[in-house]
Structure formats: C-alpha cells, structure tokens
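Here are my notes for a colleague who is opening this entry without having seen it before. Please read them with the sequence and the coordinates side by side.

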Amino acid sequence: MQDHKRRVFSGIQPSGNLHLGNYVGALKNWVAMQNEYENYFCIVDLHAITVPQDPKVLRQKIREVAAIYLASGLDPERCVIFRQSKVSEHAELCWLLNCVARFGELQRMTQFKDKAQKGGADVASAGLFDYPVLMAADILLYNAHLVPVGEDQRQHLELSRVLARRFNNLYGETFVVPEAIILDTGARVMALDAPEEKMSKSSPRPASFVSILDEPDTIRKKIRRAKTDSGSEITASPDKPAITNLLDIYAAMSGRKVSEIEADYEGKGYGDLKKDLAEVVVEGMAPVRDRAYELLDDPAELDSLLDLGADKAREAAQLTLHDARARLGLD
Ligand code: AMP
Ligand code: TRP
C-alpha cells in the first residue's frame, strides 16, 4: 500500500435524529483519532434506505449529518467526508462480497433478527438482510485497519473480518482484515426512559434520547426526567441500570472515570447527579449544535464539500475494487 498512515473508516446513517449515543459511541472518538490516521467518514445513505425513507427528509438528513460531522470537529483537511451512494464502488464491492457471504451467517445477525422481528421478517427488505455485507464493502474498499463504532456494531465488524479473510483465502491477499475500536465508556448508551433499551435514532419517544440538535433547555428537561432506579446510592451496578447509564454518559462526556464520579457523589442524591450531568451534556453539545445550524445555513457549501470528499474517496475505492475484480477473474 502506498500510504504509511493506517486508515480509519466509519459511518452513520442519515436517518432519524443523531443522538448522544452516536456522539459518545462514535463521533467523539473519530474526532480524537483524526490526527493519527488517514480517515474516511461516510454518510451511509444506502444503509438508511434499507427501511423506507421519505425522500425529502432523507435529503435534509444527509446534510444534517454532514453538518454534525463538521460541527463535532472533524476537519475536512484531515478526513475524507462523503456520501456512500456517490461512490458506486461500494455497491459493486457489496455484490462481489455477496458472492462469498453465506446466507446462514447473515441470518444469524442479531440486528437483522431484531429489526425483522419488529416489522415482520417476511416483509423486511432484502437490503436489510444484506446490510452487513454492504458495511463490509464500505470498510474493505478502503483497506481500513481500524473501525471506531459503538458496541451494537461488534457482530457486523466480526462479519467484515470473516469476509475479508475468506476472500483472501479463496482468491489471494486482497483486503486488510479490519479491527473494531469500541471504547469502555459510551459504547452503549441506553434510552433515558427505558435503560434496558439502546438509545436509538428511530425511537418514536423523544424522551428516550438527547438529540445532538436539542436545545439546552430540552436537554436539561430530558435528563431531569430520565428514569432512575430504586434506592438512592449513586453506583454503577447491574441492579442499577438507569444510574449506570447516567454515570456512563457522564464519564464519556467529561473524560473522567466512572469510579471518580461515583466518589464525588457519595452521600448525594440522584437529583444532584442529574443536575450536574445535564450541565456536562449541555456544555459539550451546545457548541456542536450552534455550529451545525450555522453550517446548515449554507447547504451549497455542504454539498460541495461532500462532492469533493466523494472524488477523493472514489480514487482510493477504485484501486481496491480493481484489485478485487482482477482476483476474481473479472479484469
Ligand atoms: P447508527 O445510529 O446506527 O447509524 O450508528 C452510528 C454509530 O453510532 C455506530 O458506530 C453505532 O455503533 C453508534 N451508536 C448508535 N447507537 C448508539 C448507542 N445507543 N450508544 C453508543 N453508540 C451508538
Ligand atoms: N451499520 C453502522 C451503524 O448503523 C453504520 C455503518 C455502515 C458503518 N457502514 C459502516 C459503521 C462501516 C462503520 C463502518 O451503526
């Protein structure tokens, strides 16, 4: 490979509302890593359409994600920021990988099982079933070494590794086998009103998530109303899922250890924790929100930045795709 810096790839779907979980589970870590690596951060619009989307809303959400990427601190000088659907190599490599992926292994993906179960497996789109193979194509196309994601993507990442190895074994060394980067804090933020559920973009309950674009007072209100556990001690433990979640968010947003925060709140009440946590979240999020809205005021600028990113991404993608095609006997 011609580059000496190792590559990072990750992406977020432009659907629903980007939330605190996306921020601490993914974005914040991307920003922290960007100096060390060669970075590709994608807006995975082809993944978003595996469930029905309103075209007008989708168009808006794509810009919103781009604005949030930049507002969070991703620097277009150091990161290639682009839309998946603008680099058709993703879809083509997905097909090639479809031919080495196995029906059985896709059937075992828990995200597919969960989503298909909710809507009915019979009417789930074939795209939803194939979702992890497209994700593998995203990563392998850039020969990414590292993939910073939240805990929910661990199984998908494992499949990407399996597909890379299988292709390499069948056709000769072609792809880098990627590694997931999943941090100890913030990798699985739970719903504020139901701490047994993951905080999710597609939740119909606004009280369950803090959106990156929520106003400070909305954030304060949502955290104040977050569910708590019985008892009054502020400790992270399996029998206190709600307080554990609040402590985890606190740790991820402040960069401090859960044990330190627990010590600070010895003898204090849930209300004290929530009040301070709200301020920590507001302080971290308000500048991102303000900057994102500023950027959204100039959609043409965002679009042109994304086009530029797609041009750069395509250059790298074409090399790998050509390699894979040649290995298969297609070139
Ligand atoms: P998605 O919202 O599915 O597009 O996910 C984009 C990124 O955010 C992925 O890296 C996910 O693992 C991460 N993510 C999504 N939800 C959460 C959550 N509740 N907690 C932590 N990370 C999350
Ligand atoms: N499936 C990921 C999610 O929903 C998004 C995604 C698509 C992704 N392609 C990727 C993440 C490649 C990392 C690398 O969270």
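This is a predicted model: local features need pLDDT of at least 70, side-chain atom pairs count only at pLDDT 80 or more; totals for chains, interfaces and linings use all residues.

1. The protein chain is divided into domain 1, which takes in 7–182 together with 299–328, and domain 2, which covers 206–293. Between the C-alpha centres of domain 1 and domain 2 the distance is 29 Å, and the contact takes 13 residues from domain 1 and 14 residues from domain 2.

2. How much area is buried between domain 1 and domain 2? The figure is about 1100 Å², with carbon and sulfur atoms giving 79% of this area. On the side of domain 1, the residues that lose the most area to domain 2 are Leu20, Tyr23 and Ala71, which together make up 44% of what that side buries.

3. The largest nonpolar core has 62 residues, and within this core the most contacts are made by Leu27, Tyr69, Met253 and Val281. Helix α12 (residues 270–296) provides the largest share of this core, namely 12 residues. The core also draws on both domains, with at least three residues from domain 1 and at least three from domain 2.

4. If its neighbours within four places in sequence are left aside, Val281 is in contact with Leu20, Val210, Ile219, Ile223, Ile249 and Met253. Apart from this core lies another one, of 45 residues, which includes Val80, Ala101, Leu106 and Val149.

5. The structure holds 11 aromatic pairs. Why is the pair of Phe9 and Tyr142 stacked? The ring centres of Phe9 and Tyr142 are 5.3 Å apart and the planes are at 20°, and planes under 30 degrees apart count as stacked. Because Phe9 lies in strand β1 (residues 7–12) and Tyr142 in the loop between α7 (126–141) and β4 (146–148), the pair ties together parts that are 133 residues apart in sequence.

6. Asn143 is found in the loop between α7 and β4, and although Asn143 is not a glycine, it has a positive phi of about 45°. Is Asn143 buried or exposed? With a relative accessible area of 10%, Asn143 is buried.

7. Glu173 belongs to the loop between α8 (154–171) and β5 (179–181), and Glu173 is exposed, its relative accessible area being 62%. Not counting residues up to four places away in sequence, Glu173 touches Asn168 and Arg327. The C-alpha atoms of Glu173 and Ala324 are separated by 9.6 Å, while along the chain these residues are 151 residues apart.

8. Ala326 has its place in helix α13 (residues 299–328) and is partly exposed, with a relative accessible area of 35%. From Ala326 to Thr174 the distance is 10.0 Å, C-alpha to C-alpha, although 152 residues separate the two in sequence.

Note on methods: Residues are numbered from 1 along each chain as its sequence is written. Chains are lettered from A and ligands numbered from 1 in the order in which they are written. Side-chain values use heavy atoms; hydrogens and water are left out. Rings of Phe, Tyr and Trp (its six-membered ring) pair if their centres lie within 6.5 Å; planes under 30 degrees apart count as stacked, over 60 as edge-to-face and the rest as tilted. Helices (H or I, at least four residues) and strands (E, at least two) are DSSP runs, numbered from the N terminus. A nonpolar core is a set of buried Ala, Val, Leu, Ile, Met, Phe, Trp, Tyr and Cys residues joined through side-chain atoms within 4.5 Å. Buried means under 20% relative accessible area, exposed over 50%, partly exposed in between (1.4 Å probe, protein chains only). Domain bounds come from an automatic or database domain assignment. Contact means heavy atoms within 4.5 Å. Buried area is the accessible area (1.4 Å probe) that two parts lose on being put together, summed over both.
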